[in-house]
Each structure stands twice: as structure tokens, then as C-alpha cells.
Amino acid sequence: GVFEAVRDKVEALPPGASCRDKLTVAIETHLSFTLAENYFAPANQRLSAQVRGEIRPRPTHAPRASATYWRRLRGGARRAGEVRRDIDLSVLRLQILGAINWTMEWYKPGKRSIEQIANQLATTVFDGVAA
């Protein structure tokens with residue numbers, strides 16, 4: 001369901017929303033779904049890497065559709081001049097999703113909101129951390 005949630009929230013943005021806004025909403029929605037709405041995600045994340053390749057379930061259409069959608073968002077950001085040309089977009093996707101997925105390990109409800117964490121991740125992706 002995370003792909004559908006991300007797509008629906010991004011597509012609900014007003015016409016003319018920047019690619020940065022779209023990626024920020026995608027990050028927040030994915031993070032929210034992962035942390036607050038889906039008890040399967042943490043178990044899946046922790047256990048899938050431990051399953052041997054020959055018995056690991058094959059990916060369904062949803063991961064491919066999700067990867068294609070994220071690729072479209074990243075590509076749009078690059079074409080709009082919002083992501084530098086020297087950034088490998090495939091690695092960027094893995095970095096964003098890795099950061100989101102790792103959040104399951106340290107997130108504690110109440111200290112920071114999911115929106116705050118998502119906005120910091122988006123700010124770090126687009127603006128970096130240098131002063």
C-alpha cells in the first residue's frame with residue numbers, strides 16, 4: 001500500500017507544485033506509512049535480508065511500479081534543475097529509501113513528528129548540511 005499512498009498524495013498536490021514539493025510529499029508519505037500505518041513494514045524490513053535468495057519471495061508488480069514512480073519524480077527534479085547533474089539518481093533513491101527504512105530502528109513517537117523527520121530528510125537531500 002505504500003506505493004499507492006505515495007502516488008495518491010503526490011498526485012493530489014496542486015498543479016504547478018515543484019518537483020521538490022513532490023519529492024518532499026513522497027518522502028513524508030512513505031515515512032508516515034512505514035512508521036505509523038503499517039506494522040508489517042518493520043518485520044519485513046528486518047527479516048527479508050535474512051531469507052536466502054532461492055526461497056526469498058519474488059517481487060510483485062508493486063515494487064517495480066514504485067521504483068518507476070520514484071524514478072519519474074527524481075527525473076522531473078533533475079529536468080527542473082532541482083537536482084544537480086552530477087548526482088546519480090539511482091543512488092539518490094537508495095539513499096532516500098535507506099534513510100526512511102532505517103528510521104524504523106530509532107523512531108520513538110512523541111519526540112519528533114513524522115512530518116518534522118520527513119522535512120529534515122528532504123531539506124538534507126535538497127540543501128545538504130553545510131552551513
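Just after helix α6, G128 takes a positive phi of about 75 degrees. Helices (H or I, at least four residues) and strands (E, at least two) are DSSP runs, numbered from the N terminus. The model is predicted, so local features need pLDDT of at least 70 and side-chain atom pairs count only at pLDDT 80 or more, whereas totals for chains, interfaces and linings use all residues. Residues are numbered from 1 along each chain as its sequence is written, and side-chain values use heavy atoms, with hydrogens and water left out.

Helix α6 has 14 residues, which at 1.5 Å a residue should span 20 Å; the C-alpha atoms at its ends are 19 Å apart, in agreement. The expected span of a helix is 1.5 Å times one less than its number of residues. The buried residues of α6 are I114, I117, A118, L121, A122 and F126. Seen down the axis of α6, these buried residues fall within an arc of 160 degrees, so they line one face of the helix. The arc is that of the directions from the helix axis to the C-beta atoms. Buried means under 20% relative accessible area, exposed over 50%, and partly exposed in between (1.4 Å probe, protein chains only).

Helix α5 covers residues 89–106, and its 18 residues should span 26 Å at 1.5 Å a residue; its end C-alpha atoms are 26 Å apart, which agrees. Its buried residues are L89, L92, I96, L97, I100, T103 and M104. Viewed down the axis of α5, they fall within an arc of 140 degrees and so line one face of the helix. The exposed residues L94, Q95 and W102 are carried on the face of α5 turned away from its buried side. The N-terminal end of α5 is capped by D88, a side-chain oxygen of which lies 2.9 Å from the backbone nitrogen of S90. A polar contact is a pair of N or O atoms within 3.5 Å; within protein, one must be able to donate a hydrogen and the other to accept it, and residues adjacent in sequence count only if both atoms are side-chain atoms.

T103, in helix α5, counts as buried at 3% relative accessibility. Not counting residues up to four places away in sequence, T103 touches L31, L35 and I117. Contact means heavy atoms within 4.5 Å. In helix α2 is T34, which counts as buried at 5% relative accessibility. The side chain of T34 reaches the backbone oxygen of H30 at 2.8 Å. T34 and M104 are 70 residues apart along the chain, and their C-alpha atoms are separated by 7.5 Å.

The structure holds four salt bridges. A salt bridge is a side-chain nitrogen of Lys or Arg within 4 Å of a carboxyl oxygen of Asp or Glu. One of them joins E11 and R72, with the closest N and O atoms 3.4 Å apart. E11 lies in helix α1 (residues 2–11) and R72 in helix α4 (residues 61–79), so the pair ties together parts that are 61 residues apart in sequence. E11 counts as partly exposed, at 47% relative accessibility.

Another salt bridge links D127 with R20, the closest N and O atoms being 2.8 Å apart. Because D127 lies in helix α6 (residues 114–127) and R20 in helix α2 (residues 19–37), this pair ties together parts that are 107 residues apart in sequence. D127 is partly exposed, with a relative accessible area of 47%, and R20 is partly exposed, with a relative accessible area of 27%. A salt bridge is also formed by R84 with D86, where the closest N and O atoms are 2.9 Å apart. R84 and D86 are exposed.

R74, in helix α4, is buried yet has no salt bridge; D88, the nearest side chain of opposite charge, is 7.2 Å away. Lys and Arg count as positive and Asp and Glu as negative, while His and the chain ends are not counted. With its neighbours within four places in sequence left aside, R74 is in contact with L23, L89, S90, L92 and R93.

The loop between α1 and α2 holds L13, which is partly exposed, with a relative accessible area of 23%. Leaving aside its neighbours within four places in sequence, L13 is in contact with D21, K22 and V25. The C-alpha atoms of L13 and V25 are separated by 8.7 Å, and these residues are 12 residues apart along the chain.
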